[in-house]
Amino acid sequence: MTQLTETVLKDFDLVWKNFFVPTSKYLPIISNKMNYPVDIYSTDVGIQFEIAAVGLEKSDIEILTEGETLRVIYDKEEKETKAYIHKGIAKRAFDFAWKISPDLNISKATANMELGLLCISIPYAKERTPKRLMIN
């Protein structure tokens, strides 16, 4: 006869176990992780980041590449001089960082801003393809 034993779950296990349970105590922590409109998708030539930048100037945003990390920062505080009836456009500060896969060439990343959308493209790395080593 097989004996069943109770498994003790750690907090990390519970996060993944309760990820899709709406009443989970871990869900607010996960859902508040990124509260800013950002799209990330892959294309045939690399990966594309699209960040909402409505009302921001190019000079307001700083993009850094530190090793294999892409970091996008907007730290300018807006002075509230208007008496808003409704404020729906988010012009709040942000500081995003993503670890970029070695399959991508972060040194060849490009960025442009058009119509309130900051687009960052990172191409795939051709030189990082697997190579065969000979044993001496």
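**Figure 1. Aromatic pairs of the predicted model.** The structure holds 4 aromatic pairs; rings of Phe, Tyr and Trp (its six-membered ring) count as a pair if their centres lie within 6.5 Å, with planes under 30 degrees apart classed as stacked, over 60 as edge-to-face and the rest as tilted. In one of them, the ring centres of phenylalanine 49 and tryptophan 98 are 4.8 Å apart and the planes stand at 50 degrees, so this pair is tilted. Phenylalanine 49 belongs to strand E2 and tryptophan 98 to strand E5, so the pair ties together parts that are 49 residues apart in sequence. Strands (E, at least two residues) and helices (H or I, at least four) are DSSP runs, numbered from the N terminus. Both phenylalanine 49 and tryptophan 98 are buried, where buried means under 20% relative accessible area, exposed over 50% and partly exposed in between (1.4 Å probe, protein chains only). This is a predicted model, in which local features need pLDDT of at least 70 and side-chain atom pairs count only at pLDDT 80 or more, while totals for chains, interfaces and linings use all residues. Residues are numbered from 1 along each chain as its sequence is written, and side-chain values use heavy atoms, with hydrogens and water left out.

Figure 2. Tyrosine 74 sits in strand E4 and phenylalanine 94 in strand E5, and the pair links parts of the chain 20 residues apart. Tyrosine 74 and phenylalanine 94 are both buried. One aromatic cluster is formed by Phe49, Tyr74, Phe94, Phe96 and Trp98.

**Figure 3. The largest nonpolar core and leucine 70.** A nonpolar core is a set of buried Ala, Val, Leu, Ile, Met, Phe, Trp, Tyr and Cys residues joined through side-chain atoms within 4.5 Å. The largest one has 21 residues, of which Ile51, Leu70, Val72, Phe94, Trp98, Ile100 and Leu118 touch the most other members. At least two residues of this core come from each of E2, strand E4 (69-74), strand E5 (94-99) and E7. Leucine 70 has contacts (heavy atoms within 4.5 Å) with partners including Phe49, Ile63, Phe96, Trp98, Ile106 and Ile122, with residues up to four places away in sequence not counted. In soluble globular proteins, nonpolar side chains tend to be buried together.

Figure 4. Strands E3, E4 and E5 form an open sheet in the order E3-E4-E5 with antiparallel pairing; two strands pair if DSSP finds at least two bridges between them. Strand E3 (61-66) and E5 are the edge strands, each pairing on one side only. From one strand to the next the twist averages 10 degrees, with axes taken as lines fitted to C-alpha atoms (for helices over the stretch in contact) and angles running from 0 to 180 degrees between N-to-C directions. E3 and E4 are joined by 6 bridges, and leucine 64 stands opposite arginine 71 in E4. A search of the whole structure finds 1 salt bridge, defined as a side-chain nitrogen of Lys or Arg within 4 Å of a carboxyl oxygen of Asp or Glu. Aspartate 95 and arginine 71 form this bridge, at 2.6 Å from N to O. Aspartate 95 lies in strand E5 and arginine 71 in strand E4, 24 residues apart. Aspartate 95 is partly exposed at 43% relative accessibility, and arginine 71 is partly exposed at 26%.

Figure 5. The open sheet has the order E1-E2-E7-E6 and antiparallel pairing. Its edge strands, strand E1 (38-42) and strand E6 (110-114), each pair on one side only. The twist averages 15 degrees from one strand to the next. Strand E2 (residues 46-52) pairs with strand E7 (residues 117-123) over 7 bridges, and glutamine 48 stands opposite serine 121 in E7. Antiparallel E6 and E7 are joined by 5 bridges, with alanine 111 partnered by isoleucine 120 in E7. The hairpin of E6 and E7 has 2 residues between the strands, and there leucine 115 takes a positive phi near 55 degrees. Leucine 115 is a residue other than glycine and is exposed, with a relative accessible area of 83%.
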